[in-house]
Amino acid sequence: MTLPIIQVDAFTERPYAGNSAAVCMLPAERDASWMQLVAREMNLSETAFLVRLQDHFDLRWFTPSVEVDLCGHATLASAHVLWEEKYLDASEPARFQTKSGLLTARRDEGQIWLDFPALPEAPAETPDALARGLGVPARYVGRNAFDYLVELESEDAVRNLQPRMAVLAGAGGRGVIVTSRAHSPKYDFVSRFFAPASGIDEDPVTGSAHCCLGPYWASRLSRSELVGYQASARGGFVRVRCRGDRVDLGGHAVTVLRGNLEGVACT
């Protein structure tokens, strides 16, 4: 038995940029240990697994080492696959049941828009591992249910940051969002995301981090619609619309690879 698997670059309009995710459509639920093995084999920041149910899709996300509770780019990639491979009509919204509740995706204005929970941070003490791991002064440190958020002095400070990953892994939580106000007129803020404790030293473009970044910068810039640029080596843009306890995350996606998982045992 074989299963199709598709690799998609998310939060980008061109191949080989943004953040890559593998998307695997399953005929039925599979054991988490099997999904973890597949994610390790794919060796991407996330592999998404979908099972079609009556009025939605069950969706789970795995890094090469752990299952995660929320992932933006692999959700955007999953929605892209559902429309491109005709699992859904182009006009239908995609509905996903996940560990973070019901998430939806729709096509609008030539982009995919995700409806995600807002995850605002609150001021937090700075763990020693966080301070030593980043090794630069912070203007602000906060934390939400998943991550630390650290504001630095400038966009250059964010771009030039070289964390000590082994130290940063001991900070706690899923990962660390580092951000600053942008100096480019093309976007409002810049960020990077580090998650060595989750098996990903630096994630190229992190949709779920913008569930925190959106509310954070909306309150400081006094507007609800923003554009963020994640300044990883691959780079990618995330458009954010803040709506109270929800955020809309907008971006593009490009299919770069189609294949099959071989030797898949039936369940």
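Asp115 forms a salt bridge (a side-chain nitrogen of Lys or Arg within 4 Å of a carboxyl oxygen of Asp or Glu) with Arg243, and the closest N and O atoms of the two are 3.2 Å apart. This pair links distant parts of the chain, with Asp115 in strand 8 and Arg243 in strand 16 (residues 236–243), 128 residues apart; helices (H or I, at least four residues) and strands (E, at least two) are DSSP runs, numbered from the N terminus. The model is a predicted one, in which local features need pLDDT of at least 70 and side-chain atom pairs count only at pLDDT 80 or more, while totals for chains, interfaces and linings use all residues. Residues are numbered from 1 along each chain as its sequence is written, and side-chain values use heavy atoms, with hydrogens and water left out.

**Salt bridges**

- Asp115 is buried, with a relative accessible area of 19%, whereas Arg243 counts as partly exposed at 37% relative accessibility; buried means under 20% relative accessible area, exposed over 50% and partly exposed in between (1.4 Å probe, protein chains only).
- Asp115 also forms a salt bridge with Arg246, where the closest N and O atoms are 2.8 Å apart, and because Asp115 lies in strand 8 and Arg246 in strand 17 (residues 246–251), the pair ties together parts that are 131 residues apart in sequence.
- Salt bridges that share partners join Asp115, Arg243, Arg246 and Asp248 into one network.
- A search of the whole structure finds 14 salt bridges, one of which is formed by Arg258 with Glu84, with the closest N and O atoms 2.9 Å apart.
- Arg258 lies in strand 18 (residues 253–261) and Glu84 in helix 2 (residues 73–84), so this pair ties together parts that are 174 residues apart in sequence.

- Glu121 lies in the loop between strand 8 (111–117) and strand 9 (122–123).
- Glu121 is buried yet has no salt bridge, and the nearest side chain of opposite charge, that of Arg220, is 4.6 Å away; in this count Lys and Arg are positive and Asp and Glu negative, with His and the chain ends not counted.
- The side chains of Glu121 and Tyr140 are joined by a polar contact of 2.6 Å, a term for a pair of N or O atoms within 3.5 Å, of which, within protein, one must be able to donate a hydrogen and the other to accept it, with residues adjacent in sequence counting only if both atoms are side-chain atoms.

**Helix 6 and Trp217**

- Nine of the twelve residues of helix 6 are buried, so this helix is largely enclosed by the rest of the structure.
- Trp217 has its place in helix 6 (residues 210–221) and is buried, with a relative accessible area of 2%.
- The side chain of Trp217 makes a polar contact of 3.0 Å with the side chain of Thr179.
- Just after helix 6, Ser222 takes a positive phi of about 60°.

- Cys212 is buried, with a relative accessible area of 1%, and Cys24 is buried, with a relative accessible area of 0%.
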